[in-house]
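Dear colleague,

Please find below the structure that I am handing over to you. A description of what was found in it comes after the display.

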Amino acid sequence: MDLFEISRWASKKGINLVATGDWTHPIWFREIKRNLKETAPGIFSLVETQNLASLQNVKFLLSTEISSIYVQGGKQRRMHNLIFSPSLEVCEKIIQELQRRGANLMSDGRPIIGISSRDLLELVLTIDKNVFFIPCHVWTPWFSLYGSKSGFDSIEECFGKLSKDIYAVETGLSSDPIMNWQIKELESRSIVSFSDAHSSPKLGREATVFVPNSKFHPPTGGPNSKFSYEDLVEAIKQDPNSKLKIAYTIEFFPEEGKYHWSGHRLCDVCYSPKEVKEKGKICPVCQRPLTIGVENRVIDLAEEILTKDDLFFGENNAGAALIYDKEKKRRPFVSLIPLFEILLEINNNSPTKALLEYERLTSDFATEFDILLTKTYEEIEKIGGKKLAEGIRIVRERKVFVDPGYDGVFGKVKVFNDESQKTGHVQQKKIEKQPSLF
Ligand SMILES: [Zn+2]
Ligand SMILES: [Zn+2]
């Protein structure tokens with residue numbers, strides 16, 4: 001997953017802007033300095049020596065993830081935060097300061113430090129006030145802001161006076177915006193989504209889509225339009241005069257995340273929020289506390305529980321469902337299943353066949369996002385066959401079948417299921433929990 005490979009995959013997927021990740025790692029930082037050039041303030045692309053015209057359209061942003069493990073209020077806290085830097089010079093200063101405080105940055109792309117989230121935020125803002133800080137995958141139990149195992153009950157509890165410098169949270173794979181809309185303190189903050197990819201094919205499994213803020217600027221759009229680091233930050237801060245704004249986010253079906261429901265993987269116990277209420281939070285097999293999933297944790301912290309009636313279901317020109325809050329105060333989202341996974345189902349779970357087909361479609365037809373979100377069913381059928389068009393319609397209309405993840409076990413989301421063809425529900429349908437393989 002080097003910068004060339006990231007650019008290549010981003011280009012196939014239709015991602016115009018991707019984060020470098022890991023700039024705190026000295027060797028990776030050297031790669032970044034060697035292979036990227038700044039094309040707009042705070043925005044980078046591959047240097048010309050590696051020029052392939054299409055890859056120049058993929059822009060990079062300097063971002064890193066840091067794991068803070070510390071004690072606060074007598075409890076051990078573990079939390080992951082994203083740090084976006086406006087320039088290489090600022091990265092260098094932060095690296096120096098972390099090393100001066102004894103952080104071992106060579107150990108991992110996502111280093112573990114003993115500095116609290118609050119102190120880390122203060123440190124980076126003191127170095128440069130344009131550094132942007134986002135708590136990530138905020139609902140996962142073990143390493144996040146709201147995590148049930150070692151997080152906090154609020155941004156205020158975690159960041160204190162610096163809470164005002166938290167403008168956004170990242171949803172992670174286990175939660176979608178609806179879950180986050182139920183939290184009072186997130187009302188004025190942006191909900192963003194990133195892929196958290198550890199391999200190139202997983203880039204874009206979640207994403208944030210920015211568009212020109214047409215209220216103030218002529219919409220230019222397109223992958224070649226110029227934007228700066230500051231434009232992105234202002235958009236996330238929801239500055240009314242910003243050049244860009246968030247259009248929507250692209251999400252996993254949250255049931256696919258590893259911590260959606262509650263349970264114990266090794267005890268083969270998986271509870272829905274309703275079952276937790278009825279049966280309690282203790283494992284019936286080992287008698288220890290269950291790993292409480294994201295959905296339960298949201299219910300615990302929510303000001304009000306949103307139901308289907310509190311939502312507005314819209315769609316884009318190609319029929320992909322966009323979900324809004326009823327008052328349309330928040331940015332909407334679309335839930336997708338990666339194209340490769342749809343192709344796996346169509347090709348009887350053969351990764352070789354699915355990958356060949358993925359390569360063919362993304363080189364001859366369109367980018368993955370265009371195939372999933374904008375191409376007409378007729379076009380898809382002509383190039384990719386009837387079954388693919390049918391699969392993409394099911395995803396766009398949210399008629400997929402889900403089997404929620406729990407305690408580190410990925411959930412399953414299936415496109416094709418005989419039941420789905422019989423019913424005409426626009427809502428996603430839940431299948432019965434299958435016996436676990438573990
Ligand atoms: Zn993380
Ligand atoms: Zn157990």
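Predicted model: local features only at pLDDT ≥ 70, side-chain atom pairs only at ≥ 80, totals over all residues.

Residues are numbered from 1 along each chain as its sequence is written, chains are lettered from A and ligands numbered from 1 in the order in which they are written, and side-chain values use heavy atoms, with hydrogens and water left out.

Overall fold

The protein chain holds 15 helices and 19 strands; these are DSSP runs numbered from the N terminus, helices being H or I with at least four residues and strands E with at least two. Its radius of gyration is 22 Å, close to the 22 Å given by the globule rule for 438 residues, so the chain is as compact as a globular protein of that length. That radius is taken over C-alpha atoms, and the rule is 2.2 Å times the number of residues to the power 0.38. The C-alpha trace spans about 60 × 55 × 45 Å along its principal axes. Of the 438 residues, 55% count as buried (buried means under 20% relative accessible area, exposed over 50%, partly exposed in between, with a 1.4 Å probe and protein chains only). Among contacts (heavy atoms within 4.5 Å) between residues at least 6 apart in sequence, 66% join residues at least 24 apart.

The zinc ion (ligand 1)

Which residues are the protein donors here? They are Glu65 (OE), His80 (ND1) and His137 (NE2), lying 1.8 to 2.2 Å from the zinc ion (ligand 1). Donors are N, O and S atoms within 2.8 Å of the metal (3.2 Å for Na, K and Ca), and sites may look incomplete because water is not among the atoms. The spacing in sequence is E-x14-H-x56-H. Glu65 in strand S4 (residues 59-72) and His80 in strand S5 (residues 75-85) are 15 residues apart, a pair that links distant parts of the chain. Glu65 is buried at 11% relative accessible area, and His80 is buried at 5%.

The zinc ion (ligand 2)

This ion is coordinated by His264 (ND1), Cys267 (SG), Cys283 (SG) and Cys286 (SG) at 2.0 to 2.4 Å. His264 in strand S12 (residues 262-264) and Cys283 in the loop between helix H8 (273-279) and helix H9 (294-301) are 19 residues apart and link distant parts of the chain. His264 and Cys283 are buried, as is Cys267 at 18% relative accessibility, whereas Cys286 is partly exposed at 25%. A search of the whole structure finds zero disulfides, a disulfide being a pair of cysteine sulfur atoms within 2.5 Å.

Individual residues

His25 lies in the loop between strand S1 (17-19) and helix H2 (26-35) and is buried, with a relative accessible area of 13%. The side chain of His25 reaches the backbone oxygen of Met106 at 3.0 Å.

Ala321 belongs to strand S15 (residues 321-325) and is buried at 11% relative accessibility. Leaving aside neighbours within four places in sequence, Ala321 is in contact with residues including Phe333, Val334 and Arg396.

Yours sincerely

Notes: Polar contact = N/O pair within 3.5 Å; in protein donor to acceptor, adjacent residues only side chain to side chain.
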